[in-house]
Amino acid sequence: MSGTLYVVGTPIGNLSDLSPRAVETLGAVDFIAAEDTRVTLRLLNHFSIKKPLVSYHDHNLRERGLAIIRRIQDGESCAVVSDAGMPCISDPGEDLVRLAAEAGIPTVVIPGPSAAVSALCLSGLPTSRFCFEGFLSTNRRNRQLHLESLKNDPHTLIFYEAPHKLTNTLQDLLAAFGNRRIALARELTKVHEEVLRTDLAGAAAHFAETPPRGEFVLIVEGAPADAGKEQPSLEEAVAAARELVLSGLKPTEAARLTAADTGYKKSEIYAGLISERPASAEGEQV
Ligand code: SAM
C-alpha cells in the first residue's frame with residue numbers, strides 16, 4: 001500500500017497562520033520534504049513537532065523527487081512544504097505532485113496562505129479575473145517579451161518581485177503598459193504590513209525616493225477592454241452597418257449600433273449608408 005503526498009501551506013510571515021490541520025498533518029506524516037530544512041526546522045520547533053526532514057529544492061528536484069516518490073510507494077507518507085506560503089506557487093512542489101499523480105499516489109492539499117492571493121484581496125483592483133505571472137525574468141529580452149505578451153491582457157496581473165529589483169521593474173512595467181493603477185502589497189501578515197495603492201508612475205517616483213524594503217507583491221490593473229483593437233476606417237464601419245441593414249435593421253438603428261462599436265458618429269455612418277442607397281429609400285431621419 002502506498003502512502004500519501006500532502007501539499008501543506010505554511011505562513012508567509014505570521015506563524016499563527018499555520019492551520020491546526022497543517023500542524024496535525026506535519027505531526028502525523030513519516031517525513032517532510034522541505035525547500036530549506038533550516039527554515040522548516042524553525043517552524044517545526046515553534047510547534048514542538050519532531051519529524052525527519054529531507055531537502056527538496058529547485059536544484060535537486062529530479063533525483064530527490066524520484067527518491068521521495070519511491071519512499072511513498074513503499075508505504076511512507078510525506079508532506080511537502082516550502083519556506084513560506086503554498087508549495088508549487090513560485091516554489092518547489094509542482095514536479096513532485098506531477099510525479100505522484102503519474103505514479104497513482106494519493107495527493108491531498110492542506111491549504112494555507114499565498115502571498116499572491118492575499119495581496120490581490122487587499123489591492124482594491126478587480127478580483128473576478130486575474131492572472132498570476134510570478135517573477136519576471138532577469139534576462140532583459142525575455143522580460144520584455146513577457147511584458148509585451150501581457151500588454152493587452154484585461155486580467156488583473158500579479159507579479160512577485162525582490163526589493164532590490166523593484167525600482168527597475170516598475171520602470172519596465174510603466175514602459176510596457178503605460179500608466180496604470182497598481183497596488184504594492186508589502187510584508188503581508190508581518191509587523192510592517194502595508195499596501196500602497198497608486199499608479200505605475202506614482203510608484204516609480206515613490207520608490208526612487210524611498211528604497212524598497214521587505215517582500216513585495218505587485219498587483220497591476222489589466223488592460224482596458226478595447227486595448228489592441230484596431231480602429232476600423234469609416235468605410236469599414238459603414239460596411240459593417242450595411243451588413244446590419246441587409247439583415248433587417250433600420251439604417252438609423254444600424255448606424256447607432258455601429259457608431260457605439262467603432263467610435264464614429266452615428267451621423268457619419270448614416271451619411272455613408274444613405275449615399276449608397278437607392279433614391280426611393282432616402283429621407284429617413286437620423
Ligand atoms: N509560495 C509562496 C506563496 O505561496 O506566496 C511564494 C514564494 S516566492 C519564492 C516569494 C515571493 O512571494 C516574494 O519574493 C514576494 O514577492 C512574495 N511574498 C512572500 N511572502 C510575502 C509577504 N509576507 N508579503 C509580501 N510578499 C510576499
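**Exercise 1. Find the polar contacts of the ligand, a polar contact being a pair of N or O atoms within 3.5 Å.**

Solution. Start with Met-86: one of its polar backbone atoms is 2.8 Å from a nitrogen atom of the ligand. Next take Asp-91, where a side-chain N or O atom lies 2.8 Å from a ligand nitrogen. Then turn to Ala-115: a backbone N or O atom there is 2.7 Å from an oxygen atom of the ligand. Finish with the area: alone, the ligand exposes 570 Å², and the protein buries 91% of that (Shrake-Rupley method, 1.4 Å probe).

The model is predicted; local features need pLDDT of at least 70, side-chain atom pairs pLDDT 80 or more, while totals for chains, interfaces and linings use all residues. Numbering runs from 1 along each chain as its sequence is written, and side-chain values use heavy atoms, without hydrogens and water.

**Exercise 2. Describe the shell around the ligand.**

Solution. Count the residues with a heavy atom within 4 Å: there are 19. The closest are Ile-89, Asp-91, Ser-114, Ala-115 and Phe-216. Sort the shell by class: 11 nonpolar, three polar and five charged. Here Gly counts as polar.

**Exercise 3. Characterise the largest pocket.**

Solution. A pocket is an open set of points on a 1 Å grid over the protein atoms alone, where a 1.4 Å probe fits, with protein on both sides within 12 Å along at least five of seven lines; lining residues have an atom within 4 Å of a point. Its space is about 480 Å³, the volume filled by probe spheres set on the points. The lining has 25 residues. Among those nearest the centre are Phe-135 and Tyr-160.

Terms used
A polar contact is a pair of N or O atoms within 3.5 Å; within protein, one must be able to donate a hydrogen and the other to accept it, and residues adjacent in sequence count only if both atoms are side-chain atoms.
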